[in-house]
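Hello,

Here is the structure I promised to pass on to you. Have a look at it first, and then read on for what turned up.

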Amino acid sequence: MKFNILETGAFQSALVEFEHGEELFSESGAMVRASGNVEMDVSTRSRGKSGIMGGLKRMISGESFFVSTYKVGPGEKGEVGLAPVLPGEMKTISLDGSTTWVCSGGSFIAAGGDDVEMETRFQGFGNVFSGEGLFFLELSGVGDALVGGFGALHEIEVSGEFTLDTGHLIAYEKTLEYKISKAASSLTQSFLSGEGFVMKFEGHGKLIVQTHDVTGFGKRLGPLLPERE
Amino acid sequence: MEFEILGNPDFGEARAKLGAGDSFHAASGAMNWHRGPVSFRAKLMGGFFRSLFRKILGGTSMFINEYQATGPSEVAFSHCVAGTLVKIPVTSEGLLISGGSFTACTPGVDMRTQFGGFKAFFSGKGAFFIEASGSGDVFFGAYGAVVEKELDGELIVDNGHVLAWENTLDWSLEGAGGLKSTLFSGEGLVMRFSGRGRIWVQTRHLTGTAGWITPFLRS
């Protein structure tokens, strides 16, 4: 399976090439195009175990209830083009069997390969205050995953401590741990500064962040829209 | 203290590399991440009453955040709207920046709030500007890309597209279609510039996006 990211800048998309025996799955609605021989299906869980709980948990995490799956028949090769909803960059994450990646709600687009596992994991009630989802997606196994965001995506090598504003997380290696904490020295200062809560990461590993925040953009755009009736 | 801007024209982000004793100011909510020994506090920008007026008229925060490093550290920040982030040295004449696009500045820069006047108040657009003077760098963020123009003469720019201009220019806010259309439609407000100096214009404006998306919203 090969994940190619096409174009540069705000309107990137990805083209995935795969063959028989490999299974690709994506966030439902992410598919732009597919070669004629691709069999598409939807399931509530990526592989094997299906169940309503998987779908429900994923939905709470900010993803869709269903996952789309793509396969081709014996001896065949297929192509699927994928794109995120928002204007922004995409990145591939290589899963080598040794590390687990955690994706924040909404950033997961697709994954596939020999044996990719996807789990939804509860993040603790601290996330309620932070504006981050209650559940994040965990990806492990062997293969590739595709994430997308609002803005440019940057991969940062963290060694020690790193403070990330909420709303900017795309994914992180599970060798890192985070705590939700107030942005400034006091609660009043955190509120007045407009930064509110932050995620304080610790450990050694990779982190993927986005340069912009949908909430910030929404707060600017919202007042210009007519009121809901 | 060094600044690097990445991601222009679509998603500009600045990274400040700070040493012990370095400081700078950034708009409320602009910070994306930081690492190393750096802390910040929220300060009123330009006095209580001016801050309050700015909050009421322009809907922007009364506060600005001062970042202070006590050792080697980094702070990444961006404007809340997706587009190009511009860094400009402040000249002796000063610079005017439209209220919502100011993103950050270095310590030698003095900031004052200027109000756009009666027409701007009623149109809800261009209610205030930030006047930057002194010495240092200012950062402002665009929606879309930025066109920089060296003006010698006269230029009319739609109010929603004006990002910043040098204070050597004379300017006035006026209704493109007369006072009536300014007051009642909230559209048609333009800025007329004359003289010599630079102007920065953004290629998109949020009111346009809002107007386009509105018919698609459920009531």
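Predicted model: local features only at pLDDT ≥ 70, side-chain atom pairs only at ≥ 80, totals over all residues.

Staying with cysteines for a moment, a search across all chains turns up 0 disulfides. Cys105(B) is in no disulfide, and the nearest cysteine sulfur, that of Cys80(B), lies 17 Å away. Cys105(B) counts as buried, because its relative accessible area is 1% and the cut-off for buried is under 20%.

Now for the two chains. Chain A has 229 residues, of which 49% count as buried, and its secondary structure comes to 4 helices and 15 strands. Chain B has 219 residues, and 51% of them count as buried. There are 4 helices and 17 strands in chain B, and its accessible surface is about 9500 Å², of which carbon and sulfur atoms hold 54%. As for how the chains fold back on themselves, take the contacts between residues at least 6 apart in sequence: in chain A, 76% of these join residues at least 24 apart, and in chain B the figure is 76%.

What about the interior? The largest nonpolar core has 41 residues, and the ones with the most contacts inside it are Phe24(B), Phe77(B), Met111(B), Val138(B) and Phe140(B). Apart from it lies another core, of 18 residues, among them Val67(A), Phe108(A), Leu153(A) and Ile208(A).

Helix H4 of chain B covers residues 206–213, and Leu206(B), Thr209(B) and Ala210(B) are buried in it. Viewed down the axis of H4(B), the buried residues fall within an arc of 100°, so they line one face of the helix. These buried residues of H4(B) pack against helix H4 (214–221) of chain A.

Setting aside residues up to four places away in sequence, Gln189(A) touches Ala184(A) in chain A, along with Phe40(B), Arg41(B) and Ala42(B). Its side chain reaches the backbone nitrogen of Ala42(B) at 2.5 Å.

Then there is Trp33(B), which belongs to strand S4 (residues 31–35) of chain B. Trp33(B) is buried, with a relative accessible area of 1%. Leaving out neighbours within four places in sequence, its contacts include Ile156(A), Phe162(A), Leu164(A) and Val209(A) from chain A, and Glu13(B), Arg15(B) and Val75(B) from chain B. Ile88(B) is 55 residues from Trp33(B) along the chain, and 23 Å separate their C-alpha atoms.

Most residues other than glycine have a negative phi, and most peptide bonds are trans. Asn8(B) and Pro9(B), however, are joined by a cis peptide bond, with omega about 5°. You will find Pro9(B) in the loop between strand S1 (2–6) and strand S2 (13–18) of chain B. Over in chain A, Glu7(A) is not a glycine, yet it has a positive phi of about 65°. Glu7(A) lies in the loop between strand S1 (2–6) and strand S2 (13–19) of chain A, and counts as exposed at 58% relative accessibility.

A last stop is Lys2(A), in strand S1 of chain A. Lys2(A) is partly exposed, with a relative accessible area of 48%. Residues up to four places away in sequence aside, Lys2(A) touches Leu15(A), Val16(A) and Glu17(A). From Lys2(A) to Glu132(A) there are 130 residues in sequence and 31 Å in space, C-alpha to C-alpha.

Enjoy exploring, and do write back with any questions.

Best wishes

Definitions and conventions. Residues numbered from 1 in each chain as written. Chains lettered and ligands numbered in written order. Heavy atoms only, no water. Core = buried A, V, L, I, M, F, W, Y, C linked by side-chain atoms within 4.5 Å. Buried < 20%, exposed > 50% of the residue type's maximum accessible area, 1.4 Å probe, protein only. Disulfide = S-S within 2.5 Å. Helix = DSSP H or I, 4+ residues; strand = E, 2+ residues; numbered from the N terminus. Contact = heavy atoms within 4.5 Å. Areas by Shrake-Rupley, 256 points an atom, 1.4 Å probe, with all protein chains shown as cover. Arc of directions from axis to C-beta. Polar contact = N/O pair within 3.5 Å; in protein donor to acceptor, adjacent residues only side chain to side chain.
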